[in-house]
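Subject: Structure for your review

Dear colleague,

Please find below the structure that I promised to hand over to you. My findings follow it, and I would be grateful if you read them with the structure open beside the text.

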Amino acid sequence: MMNGTAPLEERLDFLDRCARCSQCKFVPTPQSQKHASSCPSMDFVEFHAGSASGQLIMGAGIAHGEFGYTTSLLDAVSACTMCGTCDVSCKINFGESVEPLDGLYALRAKIVDDGQSPKRHRELMDRITAEGNSAGHPRTLRSAWADGLSLGRRCDVLLHIGSTLAYDTNKHAALRAVVQSLQAAGIKVGYLWQEEGSCGALAFDLGYRAQSRDLARKFLSQVAESGAKTVVTFSSSAIAAYRSFYPRMGFSFGDVQPLHFTEYLQQQVAAGVLALGPSNSHGGQTVAFHDTCKSGRLSEPWQRKDLKLTSQMGGYYTSAEPDKVLFGNDGNYEAPRQLLKLMGINVAELERNRAASYCCGATGGVKEAVPAAAKMAAQNRLSELQGTGTDVMVSACGNCAHHLGKHTKGQATVVDLIDLLADSLRPANRGN
Ligand code: SF4
Ligand code: SF4
């Protein structure tokens with residue numbers, strides 16, 4: 001395995017190993033032809049260029065100097081949500097010999113380095129630089145959700161809210177309820193208020209490595225100043241950044257533990273600090289759970305490994321340590337399901353779940369740069385409700401929930417897990 005931030009030229013060997021087998025277009029074990037696809041950009045572009053393999057071929061062409069940038073090339077790359085399902089599917093066959101996702105990261109970084117970043121990506125980065133969020137909301141409103149709460153900067157548990165929930169006034173009551181339950185249980189939680197900025201995940205996805213490094217460096221210094229031993233984020237992008245992107249860029253949390261809020265709440269309930277009562281709105285009902293790419297497979301901790309690849313099996317490369325290949329299986333899948341069950345809610349599985357979950361289209365800059373692709377992905381995902389016995393889809397990601405909720409066409413209900421938790425969570429010592 002190579003360093004995940006290697007420039008495209010340094011990844012050439014890996015790009016050139018792509019066998020053009022197209023496995024990356026499909027989930028490893030499809031349950032039906034209708035939902036066999038793993039790749040939202042392939043579904044939208046409807047040509048090989050939309051797939052991971054197509055992008056690797058284009059990246060190799062650029063790195064070899066065989067061709068330059070064209071509008072259609074950049075359009076195809078911009079439709080990729082950086083969701084990483086291709087990586088899971090490819091590794092089932094080829095272990096670490098191709099690693100398509102790291103090739104996609106390198107291609108996007110090369111596009112930025114060559115000054116070819118699409119206009120909408122540049123606009124996203126300008127807004128992140130100016131206001132600390134990609135939507136361009138004023139920094140002064142970032143902490144409005146917490147007005148009146150007593151949240152210091154020195155703490156045991158530092159909360160990272162993320163821009164999606166922080167600026168969504170429909171989520172403020174739920175956020176406050178969850179935080180007040182933590183405080184009532186005696187947990188010393190803290191917050192950075194208007195100093196909380198972007199985690200750097202979107203900058204990383206868009207290929208803006210220098211900016212992503214700066215954002216990571218700043219956040220880690222804020223964590224150190226807080227004295228916290230645990231960081232709890234309500235953002236799916238942030239947990240992917242902490243566990244997958246920061247290590248790729250050489251950053252470490254040291255002895256601080258970064259957790260997604262679902263993991264932290266599950267731990268606190270299991271420890272008897274917090275309790276969950278039955279859900280008033282969905283108790284006894286069945287819901288389908290949407291695994292978010294970034295808090296799912298992309299929250300699998302990334303580790304630098306300098307493994308030697310050996311030429312075996314008639315010329316294929318196989319890892320010298322196949323048991324260390326990152327298949328996405330160590331992502332955060334069980335905590336949100338457990339929380340739903342603890343609230344008396346039954347969980348139905350979508351055909352594409354856990355490491356093979358299908359992206360809703362809201363990530364990787366696609367929602368902003370190619371909205372039609374993002375809409376198609378959401379509708380594809382929602383169509384998976386058919387046959388599950390429920391028309392309710394729950395997500396633990398505010399970004400996914402908001403995006404999916406916009407595209408239900410009145411035939412499904414999308415629920416943000418934090419709204420359910422806010423109604424049911426309480427300190428354990430208050431009883432159920
Ligand atoms: S990226 Fe992997 S799965 Fe996709 S075509 Fe290449 S070798 Fe096959
Ligand atoms: S990251 Fe997702 S959208 Fe991009 S090529 Fe891979 S599967 Fe397709």
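Helix H17 is largely enclosed by the rest of the structure, because 7 of its 9 residues are buried. The buried residues in H17 are Gly398, Asn399, Cys400, Ala401, His402, His403 and Leu404. Please bear in mind that this is a predicted model, so that every value in this message is computed from the predicted coordinates.

Is His290 buried or exposed? It counts as buried because 28 other C-beta atoms lie within 10 Å, and the cut-off for a buried residue is 20 or more. Leaving aside residues up to four places away in sequence, His290 touches Leu350, Cys360, Arg381, Met393, Val394, Ser395, Cys400 and Leu404.

H12 itself runs over residues 236-248 and has 13 residues. From its first C-alpha to its last it reaches 17 Å, close to the 18 Å expected at 1.5 Å a residue. The helix bends by about 45° at Tyr242. How many of the residues of H12 are buried? The number is 12 of 13, and the helix is therefore mostly covered. After H12 comes Gly250, which has a positive phi, near 90°.

In Arg20, phi is near 55°. Arg20 lies in the loop between helix H1 (12-16) and H2, and this residue is exposed because it has 11 other C-beta atoms within 10 Å, where 12 or fewer is the cut-off. In Trp193, phi is about 55°. Trp193 belongs to the loop between strand S2 (189-191) and H10. With 13 other C-beta atoms within 10 Å, Trp193 is partly exposed.

Gln338 also counts as partly exposed, because it has 18 C-beta neighbours inside 10 Å. Its position is in helix H14, residues 334-342. Thr262 is 76 residues away from Gln338 along the chain, and their C-alpha atoms are separated by 9.1 Å.

I turn next to the two ligands. Around ligand 1 there are 15 residues, and the closest are Cys18, Cys21, Cys24, Ser53 and Cys90. Helix H3 (52-63) and H5 are the elements that give two or more residues to this shell. By class, the shell around ligand 1 holds 10 nonpolar residues, 4 polar and 1 charged.

Ligand 2 is surrounded by 16 residues, the closest being Cys39, Ala52, Cys80, Cys83 and Cys86. Here the elements that give two or more residues are helix H2 (40-45) and helix H5 (85-94). Which element gives the most to the shell around ligand 2? It is H2, with 3 residues. The shell around ligand 2 consists of 10 nonpolar and 6 polar residues, with no charged ones.

Finally, I describe the chain as a whole. It contains 18 helices and 12 strands. Its radius of gyration is 21 Å, close to the 22 Å that the globule rule gives for 432 residues, so the chain is as compact as a globular protein of that length. Along the principal axes, the C-alpha atoms fill a box of roughly 65 × 50 × 40 Å. Of the 432 residues, 52% count as buried. Among the contacts with a separation of 6 or more, 78% come from residues 24 or more positions apart.

Yours sincerely,
A colleague

Methods
Residues numbered from 1 in each chain as written. Chains lettered and ligands numbered in written order. Predicted model: local features only at pLDDT ≥ 70, side-chain atom pairs only at ≥ 80, totals over all residues. Helix = DSSP H or I, 4+ residues; strand = E, 2+ residues; numbered from the N terminus. Expected span 1.5 Å × (residues − 1). Bend = angle between axes of the 7 residues up to and from the residue. Near = placed C-beta within 6 Å. Nonpolar A, V, L, I, M, F, W, Y, C, P; charged D, E, K, R; others polar. Rg over C-alpha atoms; globule rule 2.2 N^0.38 Å. Contact = placed C-beta atoms within 7 Å.
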